[in-house]
Amino acid sequence: MRIRHALLGAATVAALAACGTSTASTQGAAPTSTTTTTTAEPTTTTTTTTRPTTTTTVEPTTTRPTTTTTKPRPTTTTTTEPVGLAEGTPCKATARACIDLSANKSWLIAGGKAVYGPVPITHGRPGWETPPGMFEVGWKSRHHRSRLFNGAPMPYSVFFNGGIAFHEGSLTEESHGCIHLSPAAAAKYFEALKVGDLVQVVR
């Protein structure tokens with residue numbers, strides 16, 4: 001009976017030791033294995049949402065430079081025309097050539113005074129009289145010939161009243177309305193007078 005209890009006691013101790021509920025140390029019993037369980041803490045992931053940054057670029061205001069342009073005032077040249085009669089002639093100072101029918105003389109005028117002449121002339125015969133008045137030089141012809149009078153030569157012609165002209169011609173015979181000049185005077189008048197110049201004829 002004691003042997004049975006002793007056996008029961010050893011078996012109970014062994015069983016309890018096998019369950020791991022006993023803290024008693026039994027000689028000859030199998031070594032106890034201790035298992036350490038490590039519990040890892042859960043990893044917490046934090047997600048941060050960053051709002052996009054909006055950058056506003058402000059362009060600088062450009063002010064265009066103001067340019068002030070001052071237009072130059074036009075230069076006005078005032079030319080004073082001579083008044084009255086051209087010195088030494090019976091014609092106006094504004095004329096460029098003067099013809100005196102009664103005196104059979106002519107002049108070139110510049111700046112209100114005679115610069116050439118008087119030179120002898122002949123003019124229109126009766127029925128072909130040279131009319132008085134103020135006229136403008138219309139055109140010139142160095143080697144002109146008359147279409148009205150059978151191609152008669154009229155060298156150095158300066159026309160100032162229709163078909164009436166200064167030209168080289170006889171100083172003894174009257175003309176058909178033109179003003180005859182010596183060869184030298186005719187060349188001078190042809191050179192000096194320009195289209196638009198005034199020619200005055202007085203009686």
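Visitor: Which residue in S2 is the bridge partner of Ala97?
Guide: The partner is Leu108. Keep in mind that this is a predicted model.

Visitor: What makes S1 and S2 a pair?
Guide: Two strands pair if at least two bridges are found between them. S1 and S2 have 4 bridges, in the antiparallel sense. The rule asks for at least two, so S1 and S2 count as paired. Their hairpin has 4 residues between the strands, and there Asn104 takes a positive phi near 55°.

Visitor: How do you know that S2 and S3 pair?
Guide: By the bridge count again. Strand S2, residues 105-110, and S3 share 5 bridges and run antiparallel. At least two are needed, so this is a pair. One of the bridges sets Ile109 against Ala114 in S3. Helix H2, residues 183-192, lies across S2 and S3, at about 145° to S3.

Visitor: How many bridges join S1 to S9, and in what sense do the strands run?
Guide: There are 4 bridges, and the strands run parallel. Strand S9 covers residues 198-202. There, Val202 is the bridge partner of Asp100.

Visitor: Why are S3 and S4 called edge strands?
Guide: The open sheet has 5 strands in the order S3-S2-S1-S9-S4, with mixed pairing. Strand S3 (113-120) and strand S4 (133-136) each pair on one side only, which makes them the edges. From one strand to the next, the twist averages 20°.

Visitor: What makes both faces of strand S1 covered?
Guide: Look at its residues, 97-100. In a regular strand the side chains alternate between the two faces of the sheet. Ala97 and Ile99 are buried on one side, and Cys98 and Asp100 are buried on the other.

Visitor: How do you know that Cys91 and Cys98 form a disulfide?
Guide: The cut-off for the two sulfur atoms is within 2.5 Å. For Cys91 and Cys98 the S to S distance is 2.0 Å, so the pair qualifies. By this rule the count comes to 1 disulfide. Both of its cysteines, Cys91 and Cys98, are buried.

Visitor: Why is the disulfide of Cys91 and Cys98 called right-handed?
Guide: Because the torsion about its S-S bond is about 70°.

Visitor: Why does Cys178 count as buried?
Guide: Buried means under 20% relative accessible area. Cys178 has 10% relative accessibility, so it counts as buried.

Conventions:
Residues numbered from 1 in each chain as written. Predicted model: local features only at pLDDT ≥ 70, side-chain atom pairs only at ≥ 80, totals over all residues. Heavy atoms only, no water. Axes fitted to C-alpha atoms, helices over the stretch in contact; angles between N-to-C directions. Contact = heavy atoms within 4.5 Å. Buried < 20%, exposed > 50% of the residue type's maximum accessible area, 1.4 Å probe, protein only.
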